[in-house]
Structures are given as C-alpha cells and as structure tokens.
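Biologist: Can you walk me through this model? I have not looked at it before.
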Amino acid sequence: MLRTVFLSVIFCLINLAIRGQSVISGTVTDNQGNKIAYANVYLKPSFNGTTTNTEGFYRLETTQGKHTLICQYLGYKQFKKEVEVNTTPVQLNIQLEPESFSLNEVVIKDGGEDPAYPIIRKAIAKRKYYLNEVDGYSCKVYIKGLQKLTKYPEKFMGQVVDFGGLVDSTTGIFYLSESVSEFNFSKPDKIKEEMISSRISGNSRAFSYNKASDMLFNFYENRLMAEGVAAKGFVSPIASDALFYYRYKLLGSVVENDMLIHKIEVTPRRNADPVFRGVVYIADELWRLQNLDLYLTKDAGIEFIDTLRVRQTFVPVNNTVWMPSTNRFDFSFRILGFAGGGNYVGYFSDYKINPDFGRKMFTSEILRINNDANKMNMAYWDSVRPIPLTTDEQDDYRKKDSLQTIRESKHYLDSIDKRVNKFSLQNFFLLGYTYQRSYNKMNYSIKPIFNTIAYNTVEGWNVTLNTSYNKYFENKKRINAEGDVRYGLSNKHWNAGASFRYLFNRFNESHIRISGGTKVCQLNGDNPITPFINTLYTLWGEKNYMKLYEKQFGLLEYGKEWFNGFNAEVSAEFGRRNALKNTSDTHWKDYKHLSYTSNNPLYPGEDLLLFTPHNYAMLKLAMTYSPGTKYITRPDRKIRQESAWPKFNMTFQKAFPDILQSEPDYLSFAAGVSHQIDFGMLGYLDYRGDFYTFLNKNEVYFPDNFHFNGNLTWFTNFELNAFGHLDYYTYSTVHNASALHAEYHLNRFITNKIPYFRKLKLNEIVGFHFLHVKGLPEHYELTIGLEKFGIARVDFVQSFSGKSRPWFSFRCGLKIIGQQ
C-alpha cells in the first residue's frame, strides 16, 4: 500500500511538472525573409535558451508565466518581446532587422591609427581579468556533429568506392551524432564530464565521441590549441602580444541593451602567421567579448582541412559574468579526390558559477559515458534538443535508423562480404588478402606478397606465409591468432610458428598470449632493419647488415593495467637457440672493394659460429608507469589520454640455469624515462633516457646482450630511441650502458619565414642522441630534419664516435610504416 501511495504521489508530481511547462517556437528570418541559422534565443530572467537550426527554426520549453524573449545574431539588431506563456503553445516568428553600425567620420593622419586600436588595447588589458574571473563552473552541454561528402571519386587505388549506404546519396551526410552531458570545470585544468545521452544516426549500439572539453575555445587565452588541426596553436585577437600579429579596423558601433558594442575586423599582419581573420564584437566600458566570427585558412598553418570557421556567442549568466552560449565550428576539406565538410555545434546552458564541487568531484576520470546513454527514445531527444534538427538531419536519422536492422542482418552482411572477399592478384601483391565474415565478427588475412619474399645471406631467398585470424566479441573482447611458415631456398630449411592472444578485459587491458614454434630472429630483438631494406642493401650494395639466429621456443605471457597508469607484463619462455652461418653469396651488383661479412658480428671476417647451441629458460617482468594519466570510461572500454607527466619503465629479465639443461644464467635490469614537454607556439621537446646493467652475468649469450637500435642505411622509422648512424652490434654489451635521445620540434618557426618552404608547410626538427657503453668510445649524433604531416621526414645526421672524424649522412622514411 505504501508503494502504491508513493507511486501515486510521484505520478502527480510529474503530471504537475509537465502541466507547468509550455513551448515557444517559431522561425527567425531577416527583413528579406531569409532564414537565419544559429541565432540565439533565450528568456529572461531564467536565461533558459536555445539556438535556431540551419532552417532558422527554434523551439524553447519554459515554465508558464511572463517572460522576456530575446533573440540576437551577429550583424542584426537585438529582438526583445514580452511573452506570456500558458498551457497553449506559443508560435512566435521573429524578424531581425540589420544592425546599423555607425562609424563617425574619423580622419586618420599619416602615422595615425584606426580607432579600433584603443578599443583593442583596453580589451587586451582586461583579458587576464576575464580569464580568471571564474574559478569553476558546471553546465549542461548539448553537442551535435555532422559530416558530409560533397564529392568523391568512382575509384580509389583501383578499388570501386562504395560506402554501402553509409553516405546519403542526396545530402552526402555520412556522420550525424548528438550528445547531452553534464560538464564541470575547475581551474587550472580540472574537468569532469558525464555523458547522459548519446545518439548516432544509423547505429543505435554505438556511443558518440563528442567531448564538451573539445568545444572549449577560450579566446581570453593567449594561445588557442587545436589538436589534430595544426602542429601549433593560434594567437587570440586579444592576446597580450596580439598587436604584433594583427591589424584592426573599426567597422562601426551600435547601442544594444544600453551598451555600446564595437564591431572590429581583424586581419593578419603577415599571411603566414598563425592567426585568425574575421570580426570580433567588444562591449564598451566592459571591454569584453560579446560575439566573434573568425576563420582560419591554409595560410594560418592548419593541416588536413582547408578552412575552419569559429563562431562564439557570449550571454550573461548572472549580473556580472558572461559565459559562452554557443560554440560552432565549420570546416571543409579536399584530399585525394574526396571533398566535403561539416560542423560541430555546442550549446551550453544551466550554468552554475563557482559551485562547491567537493573533494571527490575531480579524479583521473575526465569523462564517463553512462551505460544507458544510447537507450533514449525519440520523445526524450525532442524534449532535450535545444537546436531543432533540419529536414536533412531528420531524414538522415529516419532512413539510416530504419535501415540499421537490414544492415545488421546476416543476408545483408553476407552480400557485402561476397563483394569485399573477391580475390585480386594486384591487391594481393600490394595489400594482401582478407576474407571476412562480418555477421560472425571474424576475419582471416594473408600478408601481401611483396612483404613475404626477401633475401639474406643466411637463408638466401626466403618465402614467408603470414596468416592471421581475428574474432571480436561483445565489450570489445578479442581473439587474435597468427601463424607463419617460412622456407629458405639456400639453407633448405623450414621454420613455422604460431601465436594466440586473448584480450578479455578492455577496461584494464588484461590479456594472455601463448606462442611457440621455430623462428629465425635478428640478434637484436628490436629488429633494427626490415627484411625489405636488408634485401635491397644486400643485393644492390653487397652489405648484409641483418644478422640472424634460430630458436625453437614456447612462451606464455600475461599482462594488464594493475592500477591507473601502471601496467605490468610477465612472460616465461623456454627454448633452444642455434647460431647460423651464411649459405648464399648472391648479389646483383659486384663491388670489388666490398664482400659479404659473416653472420658473426664479433668476427665479421671469419665464418665462425657466434655461440654454441644451448637451451634457455627465462622469466621477464616489464613495467611502465605514467603518473597523472587521465582516462575516459565508455560502456565497453577505457580510453587513456597522454599524461602530462614523464613516463617511467623498468624491465627485469632473469635466465635460470639447469632447467632441462638450460645454460644462460644472469639477471639484467633496464630502466628509462620519456616525456614530451610542450612549449606552445615555440614547439615541443621529446626526450628519452635509458640505463642498462647486469645485476649478475654468470653466463650470458650474445642474443641476451643489451643491443641498441643502430642504422647504416638511408632509411629509418625515426623512432626516438633509434640512432641515425651507428653500427648494429659494435656497441652490444654486458657492461653498464646509458643512452639519451632528445628531439625538439620547432613547428615551422623557421620555415614559416622562408617563402618557398612556407607553402610546403614543413616542420623543423633538431635532435641529439648519445650513447655511453663502459669500455667503448662514446657515441653521439646531431640531427637536423624536415617533416611533413608528422609522417614523412628527412634528416641530415652528423655522428661522432670517440676521437674519430665526424660522419655525415642522410636519412629518410615514413614514420607510419617504419623502415619499409
């Protein structure tokens, strides 16, 4: 009975709340009847508001009673009207009149300045005050993201371009997402966000990747960082040093709400500077931003996209504080025959200024997506959406949501697989072959032919068949199995192996791996040279840099994140190792002064085995710790963010003697630290330091030595711990050793000032690499390089080893595919 009474009371309260709500809606147009998109519509004194969609339509839920409705948009007079709301929905269409910005005639004498400059100086003087005005806040954030293709080729890399219905044939929309979050911020950089609801067109099981923190573009900061858009930040029009970067022009002033608003055009002093173009609106006497409409082009240094437009509107949230109401980002792109664009709109409401968060509000978790965030129905979205959907967006939801069941059906997925699984010899050579069964969430693949045929002087020509199998489960669990069969034509020897890995917890990355078989390995387990590069240098240059041995082995590994930021992986391995000799001397170009070295790096001129065959038993513990790691909790996994603190790593490796006649007996220890220090507009520094020692070395075989990533070719993958010009095994050691690597990325600080290089958008990199091994000459290198898109890179290297003369060399490579 109590339960019945309780439910009845709750029902009555809900009914009263619903009856106390009403709706104001309408269309906002200009005096020519053109619909105005993204105009701000809000009510006083509650400051409850919304924004018009691209069709000029707005819808605003409010309580019954008298309200003052205000509508404003850049370049138009503010609309204000008293509205009385009752149970009947209110239809109110709004017509905005163009703002007449008055500009009193000003005579600018030679050497004089535009009247915008005194206004800007006062805004700059108040910048820091408004930056620190609010210590913290909480708010509700609605984000809508839309991306579309306007043009794409019929074929790409020989393949027919078919999106399988994911791209709307009429509108070009391929991604449409909405989310609602509760966002909390406290200075200097504490954030906590909870995503309450999420929706993605055509995929009711997925969760949006929207983040409120990504929508924060604070123009009171001196520099605005745009991760993924540019290597360095952009200068705010009211930054402390903005006068060095910008020119200003007063376009006019207008009185709005008894406040004089100045409209000022901002343009760059130099086209290549990282600055905005557009218009800012500054309130007189307050000297604060009211609105802004700014954009970036390729000249400003943005990459991957052609233009980025930023529009921001501020509204008062109490008698003294103004906060962003809407942030809108529009972008366009054109690359490799594909063209398109999109926009992301963030609407911020229900601000609470300087609330008492308590001690437990801010933790390492910066965003949590509720498990039921994607379960909300249409009625819910219609009630919470502050920006009405456009007709195209409504159609996209309707069509893709209705087709989702079909696209997830076995019949449909099998039909897609039938087309994708067709075998092509050209693709098999370049990309390999993959056979997928989408309905069962599994695939089989074979690596490309060009990556399976290689030459070395130990095996001669060798062919490797690499296959893999992947099976995906709910909650992102995954099984991966790999197998390989290898045959050397010269040594007439087979090798085969297999590996099985099960990732069974995506929140702490718990996994287990079992592998074994017979395998040909490089003496340096980090594989400093790829088979493809070694093949070229061996056959064309008569330089057989790759040194190999063979092992038969079994390995068991387990690892996970034990607590936030701390990962540990332990593995046990038992096997037998055999040294190998050269069996082939094929070469395509004969150099009289060159000849192949033996497979023994200690005695390259003598055909001696490097070590005697032996059994081994090893236990390895590898640990990494990233203090201060922030993370995002999604319903199916945890996503870790890059920590602002250094990352530490330690590795212990113990070889046990007399286990099934095993011979190696040692305990090795390696420790290191790595970090990236961001200097904003001046670039960033990557560094890494490592220390190596044997705590005991009763019996150590050469493969167990500490090895360093040397290189004697023109090609490299530019890993931070790789040397540009260092022999592969001269510095291999059982003695104490240390290494230091540092690279400073200048982010076009120099090339931006050189006209031709400015167009190429090349980033400059200077580096220093140092190696100390007890008993050997110290080795160090100085490098200067140029990089494009963070992928393609060219370096000039000057290396020194002891008192020998400096060695100058050239290196190039693609970081995404290593040395290949």
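Modeller: What follows is a short talk through some local features of the model.

Modeller: This is a predicted model, in which local features need pLDDT of at least 70, side-chain atom pairs count only at pLDDT 80 or more, and totals for chains, interfaces and linings use all residues. Residues are numbered from 1 along each chain as its sequence is written, and side-chain values use heavy atoms, with hydrogens and water left out.

Biologist: Where does V90 lie?

Modeller: V90 is in strand β7, residues 90-91. Strands (E, at least two residues) and helices (H or I, at least four) are DSSP runs, numbered from the N terminus.

Biologist: And what does V90 touch?

Modeller: Leaving aside residues up to four places away in sequence, V90 touches V23, I24, S25, V83, E84 and V85. Contact means heavy atoms within 4.5 Å.

Biologist: How many Å separate the C-alpha atoms of V90 and F718?

Modeller: They are separated by 64 Å, and the two residues are 628 apart along the chain.

Biologist: New topic. How many bridges join β28 to β29?

Modeller: There are 11, between β28 (residues 478-488) and β29 (residues 493-505), and the two strands run antiparallel. Strands count as paired if DSSP finds at least two bridges between them.

Biologist: What pairs with β29 over eight bridges?

Modeller: That is β30, residues 510-522, again in the antiparallel sense. F500 of β29 has A481 opposite, and F500 also stands opposite I514 in β30.

Biologist: What about the hairpins? Which residue takes a positive phi in the hairpin of β28 and β29?

Modeller: K492 does, with phi near 50°, and that hairpin has four residues between the strands. In the hairpin of β29 and β30, also with four residues between the strands, E509 takes a positive phi near 60°.

Biologist: What is phi for D350?

Modeller: D350 has phi near 55°, a positive value in a residue other than glycine. D350 lies in strand β22, residues 338-353.

Biologist: Last one. Which residues does the cis peptide bond join?

Modeller: K187 and P188, with omega about 5°. P188 lies in the loop between β12 (173-186) and β13 (190-200).
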